[in-house]
Amino acid sequence: MQRIINFVLRYRNAFLYAFFALISLVMTIRSHSYHQSKFFNSSKWISGSIYGAGSDVSSYFSLQEENKKLVEENQRLRKLLFNSPDDSITKSLDSTLAVYEVMSAKLIKNSFTSPRNYVTIDKGEKDGVHQDMGVITTDGILGIVENVSQNFATVQSVLNTKSNINAKIKGTEYFGSLIWDTKDYTVVQLIDIPRLVPVVVGDTIVTGGMSSIFPENVPIGVIKKYDLNASKSFYNIDVELFCDMANIKNVYLIENKNKEEIQELEARTIE
């Protein structure tokens, strides 16, 4: 206590000066409208800056929650899109006619530099994930679920020499197979397109819908270049992927509810 008293006594002149300066400032502001205006504008700017900074901090910490909401909204919209006839979004999500279910997940491991690339996601059997579900990103296709555990699943990437996905040139009904030659992780190949088909660099490649895994017209990429194969009967087409395979976080799994029925029917037909 004595130290505080000594401190006040030591700097009493400074404290007295500050006190009178404050009194003078208050009296000046109260007696002149111009000074009042400047004071209140300054105080509003300071308080506004403080509130703005607080808002920015709050927004930063809420980004994760906002991102989760966006993923859920994308999931809902994609389900609606995949189940809408003729690209017209008119069907209710609760419709019993819906063929495709959509589920969101996150990547926990990614691979894109080996001949047989796989990714691991944070959803498994307990979440309803099973083998042969299609997996896409916000930009395009990623691959197909291959193995599933209770809490996780591995996905065979399109960047895999075992991958073979039905695809077509958008706006046509000419189908081929999407494969990968391992040369470039940004480019895959579309084969078995007949030479009579008009092919143009920049045309969009989408899923063909001839399998029970992916809906039709899911984006894949654009034609980068093309040439004829050895027999000169079909094109070999390089497709630049829409999806950045080196930078993936959120994905969507697609389940065709009619898949088992279709496969059983096809199996009986082959027999």
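The paragraphs that follow treat a strand residue and then the salt bridges.

This is a predicted model, in which local features need pLDDT of at least 70 and side-chain atom pairs count only at pLDDT 80 or more, while totals for chains, interfaces and linings use all residues. Residues are numbered from 1 along each chain as its sequence is written, and side-chain values use heavy atoms, with hydrogens and water left out.

Ser 157 is part of strand S5, residues 153-160; strands are DSSP runs of E with at least two residues, numbered from the N terminus. Its relative accessibility is 0%, so Ser 157 counts as buried (buried means under 20% relative accessible area, exposed over 50%, and partly exposed in between, with a 1.4 Å probe and protein chains only). Leaving aside residues up to four places away in sequence, the contacts of Ser 157 include Tyr 118, Leu 142 and Met 245, where contact means heavy atoms within 4.5 Å.

A salt bridge requires a side-chain nitrogen of Lys or Arg within 4 Å of a carboxyl oxygen of Asp or Glu, and the count by this rule is five. One of them pairs Lys 162 with Glu 146 at 3.9 Å, N to O. Because Lys 162 lies in the loop between S5 and strand S6 (165-169) and Glu 146 in strand S4 (residues 141-148), this pair ties together parts that are 16 residues apart in sequence.

Another salt bridge joins Glu 216 to Lys 168, with the closest N and O atoms 2.4 Å apart. Glu 216 sits in the loop between strand S9 (204-207) and strand S10 (219-228), and Lys 168 in strand S6, 48 residues apart. Glu 216 is partly exposed at 39%, whereas Lys 168 is buried at 3%. Shared partners join Lys 168, Glu 173 and Glu 216 into one salt-bridge network.

Key: Helix = DSSP H or I, 4+ residues; strand = E, 2+ residues; numbered from the N terminus.
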